[in-house]
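Here is a short report on one protein model.

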Amino acid sequence: MQAIILNSGKGTRLGKLTKDKPKCLVKINEVDTILDRQIQILNKYGIDNILITTGYKKDILEDYIDKKDYNVDLVFNELFETTNYIYSLYKVREFIKDDVILLHGDMVFHESILKRILEGKENLVVVRKDGQLSSKDFKCEILNSNVMKIAVNLYTEKSKNCFPIYKFNKESFEVWIKGIEDSVRKNNVTIYAEEILNNLLEKGDIKLNPLYIKDEICTEVDDEEDYNYIIK
């Protein structure tokens with residue numbers, strides 16, 4: 001199992017917190033950054049093959065990782081200012097050697113979630129079973145226990161909040177990557193990578209199941225409201 005952490009974006013919605021550093025280096029307590037916490041959890045459950053995509057303030061992130069002596073590989077998205085993370089995923093395509101845990105670099109989550117993901121045998125994405133739909137984060141549509149679509153603007157009777165922590169077997173992830181390669185060749189690089197995934201889910205080329213959570217902490221730190229929630 002290997003992990004991919006997407007850390008190329010600028011995180012502008014966090015204002016001054018990301019003025020001088022990537023979002024993943026924002027502290028969530030007196031000691032740990034978001035990145036520290038993610039790597040600690042991954043390592044605890046035996047995942048030490050970690051790819052991190054970089055972009056905004058990449059030198060600062062590289063220096064931080066060197067000082068921490070983290071055993072990770074960095075992949076630079078040189079087009080981070082003009083592309084979405086679909087291009088970051090395109091950049092890691094040659095490094096996929098195993099089943100994949102994929103997560104965004106601003107995800108703060110309880111370690112029990114990763115434990116349950118690793119215990120499952122199917123492709124999974126984290127879904128909160130109950131609660132009011134978020135106005136800004138990903139939602140998914142579920143039919144017969146299968147995730148059929150993932151998008152931000154998705155408000156149906158079957159919609160539930162979901163979070164960009166995925167597990168894919170190598171074969172399924174490579175199918176997604178091939179779709180991403182086709183999109184990049186067409187210079188379609190500003191969309192969410194989930195738009196490609198949705199087409200594959202609809203055609204049945206990839207199967208994806210929900211990993212339901214209830215009360216566990218799991219959130220993207222997109223803005224100051226999210227940040228204040230995490231550190232309170």
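Helix α5 spans residues 170-185, and helix α6 spans residues 193-203. Their axes come within 9 Å and cross at roughly 120 degrees. That makes α5 oblique to α6. Oblique is what remains once other angles are named: under 35 degrees is roughly parallel, over 145 roughly antiparallel, and 65 to 115 roughly perpendicular. The axes are lines fitted to C-alpha atoms, for helices over the stretch in contact, and angles run from 0 to 180 degrees between N-to-C directions. Helices (H or I, at least four residues) and strands (E, at least two) are DSSP runs, numbered from the N terminus.

Which residues of α5 and α6 meet? From α5 come Val175, Trp176, Gly179, Ile180 and Ser183. They meet Ala193, Glu194, Ile196, Leu197 and Leu200 in α6. Contact means heavy atoms within 4.5 Å.

## About the model

This is a predicted model: local features need pLDDT of at least 70, side-chain atom pairs count only at pLDDT 80 or more, and totals for chains, interfaces and linings use all residues. Residues are numbered from 1 along each chain as its sequence is written, and side-chain values use heavy atoms, leaving out hydrogens and water.

## Nonpolar cores

The largest nonpolar core has 38 residues. Such a core is a set of buried Ala, Val, Leu, Ile, Met, Phe, Trp, Tyr and Cys residues joined through side-chain atoms within 4.5 Å. Buried means under 20% relative accessible area, exposed means over 50%, and partly exposed lies in between (1.4 Å probe, protein chains only). Leu89, Phe173, Trp176 and Ile180 touch the most other members.

Leu89 touches Leu6, Leu102, Phe173, Trp176, Ile177, Ile180 and Ala193, not counting residues up to four places away in sequence.

Helix α1 covers residues 34-44. Its buried residues are Ile34, Leu35, Asp36, Gln38, Ile39, Ile41 and Leu42. Just after α1, Gly46 takes a positive phi of about 85 degrees.

Gly11 sits in the loop between β1 (2-7) and α1. Is Gly11 buried or exposed? Gly11 is buried, with a relative accessible area of 17%. It touches Thr18 and Lys23, not counting residues up to four places away in sequence.

## Two asparagines in loops

Asn144 lies between β7 (139-143) and β8 (146-151). Its phi is positive, about 55 degrees, although it is not a glycine. Asn144 is exposed, at 67% relative accessible area.

Asn187 is in the loop between α5 and α6. Asn187 has a positive phi of about 60 degrees. Asn187 is exposed, at 62%.
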